[in-house]
Amino acid sequence: MTRHIAWILIAITGAVALAVVAMSRDEAINALWIVVAAVSSFLVAYRYYALYIARTVMRLDPLRPTPAMRRADGLDYVATDRVVLFGHHFAAIAGAGPLVGPVLAAQMGYLPGTIWIIAGVVLAGAVQDFMVLFISMRRDGKSLGELIRMEMGQVAGTIALFGAFMIMVIILAVLALIVVKALAESPWGMFTVAATVPLAMLMGAYTRWIRPGRIGEVSLLGLVGLLAAIVYGQSVALSPVWGPAFTFTPVQLCWILIGYGAVASVLPVWLLLAPRDYLSTFLKIGAIAALAIGIVIMAPPLKMHAVTQFVNGNGPVWSGGLFPFLFITIACGAVSGFHALIASGTTPKLIASEADAPIIGYGAMLMEAFVAIMALVGASILDPGVYFTMNSPAAVIGTDASSAAAAVTAMGFPITPDLITQTAKDVGEHTIISRTGGAPTLAVAMAEIFSHVVGGSAMKAFWYHFAILFEALFILTAVDAGTRAGRFMLQDLIALAVPAFKETKSIGPSLVATGLTVAAWGFFLYQGVTDPLGGVNTLWPVFGISNQMLAAIALMLATAVLFRMKQDRYAWVTTIPTAWLLICTLSAGLLKLISTDVKVGFLAHAAKFSAAAEQGTVLAPAKSMAEMRQIIFNDRVDAGLVAIFLAVVLSLLFFTIRTCIAARRTDGPTAREIPAPLVPAE
Amino acid sequence: MARMMVGVPDYDSYALHMRTHHPGQPVMTRTQFFRDRQEARYGGKNGGKCC
């Protein structure tokens, strides 16, 4: 009993903090209540739920050899200290997703997002990562596609691989869109981000020829270069010659990024990708730690309402009601299907003991949820007027300070034109109006927090651009790495029909596959950039649906494996989150297809525009018949994409049920684990 | 140990492993080892980065 006392105290603390967050209505509460509620919930969940899953559901055996021990080669399979591996795994799963989703979700107030992040990660997200890690760890570190093939059959594996490729395309498009939104018309930001390319190449040359393998020192040199670029960026932006040279419209930036993606993904990895990843990894860990410390020191009050009127679904940031759209808007941070690819990637090959699996699989995801909580806090400490000015599409609030102030004030969030121009000036931007995509909002919040701790308001512009750079840096790394990964997925898929495509070393197929991958995400990026509602409105829900569907697929695999292990009495651990994700994603997907609300349903929107086109009318924001046709075409492509995702997830549901029924009819376990050594561990 | 976070395992462990388990087989030099690991991590077969 005594060993539980400390945990009971933590649980009580968490419950009190959650109650304060949930009950307060009129007076502003301190952000630390949310932080305390989240941290206590995570600690208790880890101590009791993760260990319950480890001991009872998975029956982890610390003496059972992991892939790193069975196949140790000093290269891919290396038994790694769990603290180091935690850092490695966390750096691989945490990206822009947990930062952007919660910022967008703040339009409904901080309360719904907080509750979903805490409940979602404990019951779904961390369970998924942990289960996939466990399944892969018991099968020599095989990948998600291979695991599904092993446990659910060839067809299911191929469908999952296809789904994963489509999801990769959408993720790349939406990440690139965030960069476009953050850097458009912003010469200072554009210069600092552009400067990272030659900087990374210098670092690459250094690690290649001058001091091979000295990652630490080259990263320090790179960091100095980055800080210099941020400082110098201000003069560049103010220069009458260079300022305009680094000012790009969203469409120009879109083409720059597409060109960048195509070139960067075929360059040798040591030249650009690897050195920039070193920088972005260390910067990411550093910035997240600094943000946590900053929030604790500043202890800011939350200015956003607990719940806004937009829970009903008429919000300007994204369309749709709380159910189901909140649960796909905050994807990473609560539950992210993409993590299943990481948890069945390098991590299971590095884990030293099965006893380390809970802290890596479950623990690292709790950490990511904590990042999401910080992003939500960041968006919620801003003046709600500023938040809605930054995140509403120009079609709703106009493009100048007085129209934006009037429109946002009319929403019920009073703001003056002066505050809008002053905020832009403070952070060194031309404007903050309609800077959608989440990254600029988070950067304003981080500038607020960091400048409170270091430098005061004089440093705000520096910290804002530091935050933009920090986000853009790892998004660009993801675009580059993701294009390469997408290329291999596509080559695997095409090879099913044309076996010659399997040759990943030969130039022809790899260039074709790279080109197709870039064209695929470039198409959605261009569509998002030219979308009158700002693109995020359209693309983020599609991304959220696809990501949560992948999570449902991973959890269905976990369910099938539990049935095949004859552990089906514990299968509720995975079936409950699976059911919830299926309910959310299927209903969100269906609404995107068949909703008659033109702001939600792609087909309804297409119907409205094609009806107008037949009458010869041009509807805003289209300016010509050609643009009308483009909008209708885009709507139909989006609808087709959502329909494909629905078909993928429903067919995998079918394979899961079939596998589970077959497993029930069999007497013994049928899961294809690498057997434990013959000498029993106990 | 920050190196492991960006996918570069310990060279000495690798060299020790090669000497004990595969004596007589060629062992990569430190530089070769680093380049090999860079290619393995970033070549694209590892599923890339997360969102």
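## Helix α1 of chain A

In this predicted model, one side of α1(A) carries the exposed residues A:Thr2, A:His4, A:Ile5, A:Ile8, A:Leu9, A:Ile12, A:Ala19 and A:Met23. The buried residues of α1(A) are A:Gly14, A:Ala17, A:Leu18 and A:Val21.

The length of α1(A) can be checked against its residue count. With 22 residues at 1.5 Å a residue, α1(A) should span 32 Å, and its end C-alpha atoms are 32 Å apart, so the two agree.

## A:Ile8

A:Ile8 belongs to helix α1 (residues 2–23) of chain A.

## Chain A as a whole

Chain A contains 28 helices and zero strands. Its radius of gyration is 25 Å, close to the 26 Å that the globule rule gives for 682 residues, so chain A is as compact as a globular protein of that length. The C-alpha trace of chain A spans about 75 × 65 × 60 Å along its principal axes.

Of the 682 residues in chain A, 57% are buried. Contacts in chain A between residues at least 6 apart in sequence join residues at least 24 apart in 80% of cases.

## The largest nonpolar core

The largest nonpolar core has 243 residues. The members that touch the most other members are A:Ala173, A:Leu175, A:Ala176, A:Val179 and A:Leu557. Helix α8(A) gives the largest share of this core, 22 residues.

## A:Val618 and its loop

A:Val618 sits in the loop between α27 (602–614) and α28 (625–665) of chain A. A:Val618 has 15 other C-beta atoms within 10 Å, so A:Val618 is partly exposed.

Apart from neighbours within four places in sequence, A:Val618 is in contact with A:Lys623, A:Ser624, A:Met625 and A:Met628. A:Arg569 is 49 residues from A:Val618 along the chain, and their C-alpha atoms are separated by 59 Å.

## Chain B

Chain B has three helices and zero strands, in the order α-α-α along the sequence. Of its 51 residues, 39% are buried.

## Where the two chains meet

How many residues of chain A are in contact with chain B? The contact involves 49 residues of chain A and 29 residues of chain B. On the chain A side, the elements that give two or more residues are α4 (82–93), α8 (154–183), α10 (215–238), α13 (273–298), α15 (338–343) and α23 (460–497). The largest share of the side of chain A that touches chain B comes from α23(A), with eight residues. By class, this side of chain A has 27 nonpolar, 16 polar and six charged residues.

Terms used:
Residues are numbered from 1 along each chain as its sequence is written. Chains are lettered from A and ligands numbered from 1 in the order in which they are written. This is a predicted model: local features need pLDDT of at least 70, side-chain atom pairs count only at pLDDT 80 or more; totals for chains, interfaces and linings use all residues. Two residues are in contact if their C-beta atoms, placed from the backbone, lie within 7 Å. Helices (H or I, at least four residues) and strands (E, at least two) are DSSP runs, numbered from the N terminus. Ala, Val, Leu, Ile, Met, Phe, Trp, Tyr, Cys and Pro count as nonpolar, Asp, Glu, Lys and Arg as charged, and the others, Gly among them, as polar. A residue is buried if 20 or more other C-beta atoms lie within 10 Å of its own, exposed if 12 or fewer, and partly exposed in between; C-beta atoms are placed from the backbone. A nonpolar core is a set of buried Ala, Val, Leu, Ile, Met, Phe, Trp, Tyr and Cys residues joined through C-beta atoms within 7 Å. The radius of gyration is taken over C-alpha atoms; the globule rule is 2.2 Å times the number of residues to the power 0.38. The expected span of a helix is 1.5 Å times one less than its number of residues.
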